[in-house]
Amino acid sequence: MSPLHKSPLMGEMMHVPLLISTIIDFAARHYGSAEIVTRRVEGDIHRYTYRDCARRARQLANALSGLGVQMGERVGTLAWNTYRHLEAYYGVSGSGAVLHTINPRLHPEQIAYIMGHAEDKVLMFDLTFLPIVQGIAAHCPTVKHWVLMAERSHMPTDDNIPGLLCYEDLIHSHSDDYSWPQFDENAAATLCYTSGTTGNPKGALYSHRSTVLHAYASAMPNALNVTSGDAILPVVPMFHVNAWGLPYSVLLSGAKMVFPGAALDGKSLYELFEAEGVTFSAGVPTVWLGLVNYCLQNNLQFSTFRRTVVGGSACPPSLLNTMMDKLNVEVIHAWGMTEMSPLGTVSTVLGKHRSMPEAEQRKIRLKQGHAIYGVDMKIVDDAGKELPWDGESFGHLYVRGPWIVSGYFKGEGGDPLVNGWFPTGDVATIDPDGFMQITDRSKDVIKSGGEWIGSIDIENLAMTHPAVLQAACIGVPHPKWDERPLLLVVKRPGLELTREDVLHHLEGKIAKWWMPDEVLFLDGLPLGATGKVLKNKLREQFREYKLPTA
Ligand code: AMP
């Protein structure tokens, strides 16, 4: 990055720090009656308004100060997408403390590790996670207060948790008379650990400024297009990368917010989408597979749901096509990562694409997309030389921007940047229009005879076969070629499928030397805590596997 120069003539605009509290204040004042609806963990439907949420967030801020939480100290949450979690988003960060969202799908030992690393002072958690908390409480010496996010009537009698507090009692015993403190917009606001498949998880520490800028940029029409006319249900969890910023972008836009709580199965989601008139949603491909299957099996259509963002891992073409053609839901493919708050690119077609045949437009939609303003990107070869944006050359994807990490919490893992750019660990192409397409994670790339084979392309193609439910392609050792592709397939229940069917389906659609050397059928693929296929587990499992060509 070039050095900052001091200008002889400075602008004369107000210096208003970009603080998260400004979002909830704005939301309550300008869209006060907008609704927040939650399917509670307790099972019932709860509804209130932005104004109520702001009031309770202020009560929470008072309560945290009563518990002795200081600015910059971490408050952990182990919670689903609910109104109480939203109150924590604003009450904790707004008061100057740091909200540490924890993924409950991690192993309890890992949860205790990151809570210790983050030095959480308070942990707020949902009823569902009581057993986890009971298991780890004795191993979390930094935590001074445990708060169960429930009413008194749901408090357990034998909890084994020292000094367990009831969230509703805590809120009700504090006034909503609270003025959000003003401080440097670069102060830490939230903390999220990467789901790192190797080594210990590392913390991405977002600032108020980065969060507010990301909320602005992600709400724009070419990005997620969040408007006051929408009813938005984030399926993507608030415990991982702040639900892609929706808890902020929805509130600053005045949309209705609908939270699914713990019920993420196809039936529960469908019922909530219909009952609350949801228009827009966001989630990882695996979630949509569940909902789409439920709709198809029961011959159901959506009355209001028209757009969804799919990201977190590559959107299979079959999913995009089914959602668009059979359910009339526009799929917006997006890419990002924990280190990027997370949004980097969104695949919204350009004006000039709209006159192209539908099949061509689909190819663009299936790319990971165009950078949103604020994110710069480039692809480089192994030597760090920038590669052309020709849609063909693929290389390591580097990014930079105001909502991308400059380092990890407590300097974990050293300086991740290369000449001011963050190496994403993804391998991608960028076309002349700036649309980026991921061919692989660098560590998942299959290296055959010194050339790279992109596993995502092969998986996506395999999944266009009607009898393929899921597919994962990994490199396995080969004496001649170093590595060759092995395709692992989960069949759609009730349908017949042979290895020859799969290979025949791929033939002619990919380069000959990309053809998998073998196809094996599995009952399921191992998924990580954020719903992504764990390729390292598969590689481990098939390390000794001898390909028929070997
Ligand atoms: P995480 O930090 O856990 O959110 O994981 C970030 C990684 O997920 C990225 O570096 C990509 O490898 C992968 N990823 C996210 N979105 C997509 C997408 N749309 N297509 C392919 N990979 C994706």
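Colleague: How far is an oxygen atom of the ligand from an N or O atom in the side chain of arginine 441?
Modeller: That distance is 2.6 Å, and a polar contact here is a pair of N or O atoms within 3.5 Å; within protein, one must be able to donate a hydrogen and the other to accept it, and residues adjacent in sequence count only if both atoms are side-chain atoms. Bear in mind that this is a predicted model, where local features need pLDDT of at least 70 and side-chain atom pairs count only at pLDDT 80 or more, while totals for chains, interfaces and linings use all residues. Residues are numbered from 1 along each chain as its sequence is written, and side-chain values use heavy atoms, with hydrogens and water left out.

Colleague: OK. And what does lysine 532 do with the ligand?
Modeller: Lysine 532 has a polar side-chain atom 2.6 Å from a ligand oxygen. Alanine 334 uses its backbone instead: a polar atom there is 2.7 Å from a nitrogen atom of the ligand.

Colleague: How much of the ligand's accessible area does the protein cover?
Modeller: On its own the ligand has 490 Å² of accessible area, and the protein covers 90% of that. Such areas come from the Shrake-Rupley method with a 1.4 Å probe; for residues, only the protein chains shown count as cover.

Colleague: Which residues around the ligand come nearest?
Modeller: Ala334, Thr338, Asp426, Arg441 and Lys532, out of 15 around it; a residue is near if one of its heavy atoms lies within 4 Å. Strand β14 (residues 330–336) gives the largest share of that shell, 4 residues. Helices (H or I, at least four residues) and strands (E, at least two) are DSSP runs, numbered from the N terminus.

Colleague: Switching topic: which residues have the most contacts inside the largest nonpolar core?
Modeller: Tyr90, Leu251 and Trp288, in a core of 116 residues. A nonpolar core is a set of buried Ala, Val, Leu, Ile, Met, Phe, Trp, Tyr and Cys residues joined through side-chain atoms within 4.5 Å. Buried means under 20% relative accessible area, exposed over 50%, partly exposed in between (1.4 Å probe, protein chains only).

Colleague: Which helix gives the most to this core?
Modeller: Helix α2 (residues 50–66), with 8 residues. Apart from this core lies another, of 32 residues, including Ala112 and Tyr193.

Colleague: Which residues of helix α4 are buried?
Modeller: In α4 (residues 108–118) they are Ile111, Ala112, Ile114, Met115, His117 and Ala118. They pack against several elements, among them β3, β5 (122–125) and α5 (130–136). After α4 comes glutamate 119, with a positive phi near 55°.

Colleague: Why does threonine 82 count as buried?
Modeller: Because its relative accessibility is 5%. Threonine 82 sits in the loop between β3 (74–78) and α3 (83–94), and its side chain reaches the backbone nitrogen of arginine 84 at 3.3 Å.

Definitions and conventions: Contact means heavy atoms within 4.5 Å.
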